[in-house]
Amino acid sequence: MKRPYVIIVSEVSIDGKLTLYRGASSKELMSLMDQEAYRYLHEIRAKVDGIMVGCETVRTDNPSLTVRYVKGKNPIRIIPCSTANIPLDANVLNTEEAPTIVAVTEKADPDRIKNLKEKGVQILTAGDELVDFDLLLPELYNRGIKTLMVEGGASINWEFIKRRVVDEIRLIHLPVIVGGENVPTLVGGEGFKKLKNILYLRLRAHFIRGKQLITEWEVAR
Ligand SMILES: NC(=O)c1ccc[n+]([C@@H]2O[C@H](COP(=O)([O-])OP(=O)(O)OC[C@H]3O[C@@H](n4cnc5c(N)ncnc54)[C@H](OP(=O)(O)O)[C@@H]3O)[C@@H](O)[C@H]2O)c1
């Protein structure tokens, strides 16, 4: 498959949680990070062509996905959102700051699509039920997105992991335990279940930025 080079980037607790409870904005947990961790994140944003988060992250965290802590160009924002159900005041819909592509499916409500288009958003239709990443990724590549940073959440990370269409994983480790069975972790979905199917990684680098441990992993081929 022709697809972008994919880097999943996330801050995680020691027990792999992305947030404090299901439905909670991860901004609360992220408030534990210092400026150096934000600079690390934004340095990556400034180097990639595209940045993706799932629709649920847009609804709970309302991120901007722009480059602010370092100098650099904003990447194109890509939001997989089958239903096109994005609040019209969401920060990612401010297309004066950066271009935004919303990937929808055939089931998306035409009125919602019309509203998004009026905000300057590009609509890409891929699939019938959930957004079909086998269609989406080659289309992004064709539109010039050769490097893609994926900032979660758990469901979207699984879409990449299960297809093995990820090249690197970079983690900002927060020295805390959150706990909780249903709290989103780095990767959600149904899981690989069998030892022969799990994804192997190779540690490429580990270092301290500010007070955070950062680890950078390559997917073993
Ligand atoms: N710590 C971090 O770095 C970090 C980063 C990001 C997010 N988070 C946290 O993660 C949580 C959200 O994660 P999440 O797993 O619930 O949601 P998510 O991965 O952000 O988004 C999932 C949503 O994407 C849409 N979608 C479209 N196509 C899909 C497909 N093929 N597969 C799966 N979803 C598809 C669906 O919404 P529709 O049905 O509307 O299309 C689905 O509900 C939030 O609490 C957020 O704060 C943390």
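How many helices and strands are there in the protein chain? There are six helices and nine strands, where helices (H or I, at least four residues) and strands (E, at least two) are DSSP runs numbered from the N terminus. This is a predicted model, in which local features need pLDDT of at least 70 and side-chain atom pairs count only at pLDDT 80 or more, while totals for chains, interfaces and linings use all residues. Residues are numbered from 1 along each chain as its sequence is written.

Let us start with the overall form. The C-alpha trace of the protein chain spans about 45 × 40 × 35 Å along its principal axes. Of its 221 residues, 35% count as buried, meaning that 20 or more other C-beta atoms, placed from the backbone, lie within 10 Å of a residue's own; with 12 or fewer a residue is exposed, and in between it is partly exposed.

Now to the inside. In soluble globular proteins, nonpolar side chains tend to be buried together. Here the largest nonpolar core has 53 residues, and those with the most contacts inside it are Ile79, Ile86, Val102, Ala103 and Val150. Such a core is a set of buried Ala, Val, Leu, Ile, Met, Phe, Trp, Tyr and Cys residues joined through C-beta atoms within 7 Å. Its largest share, five residues, comes from S1. Beyond its neighbours within four places in sequence, Val150 is in contact (C-beta atoms, placed from the backbone, within 7 Å) with Val6, Ile7, Ile8, Met52, Ile156, Asn157 and Phe160.

Helix H5 (residues 133-142) has buried residues Phe133, Leu136, Leu137 and Leu140. They lie on the same side of H5, because they cover an arc of only 95 degrees around the axis, taken from the directions from the helix axis to the C-beta atoms. The buried residues of H5 pack against H6 and several strands, including S2 (50-52) and S6 (147-150). Just after H5, Gly144 takes a positive phi of about 95 degrees.

Next comes the ligand. It is surrounded by 31 residues, and the closest are Gly54, Glu56, Ser82, Gly152 and Gly153; a residue is near a molecule if its C-beta atom, placed from the backbone, lies within 6 Å of it. Strand S1 (5-13), helix H3 (55-61) and helix H6 (154-163) each supply at least two residues of this shell, and H3 gives the most, with five.

Finally, look at Lys194, in the loop between strand S7 (168-174) and strand S8 (201-209). Lys194 counts as exposed because it has 7 C-beta neighbours inside 10 Å.

Note on methods
Contact = placed C-beta atoms within 7 Å.
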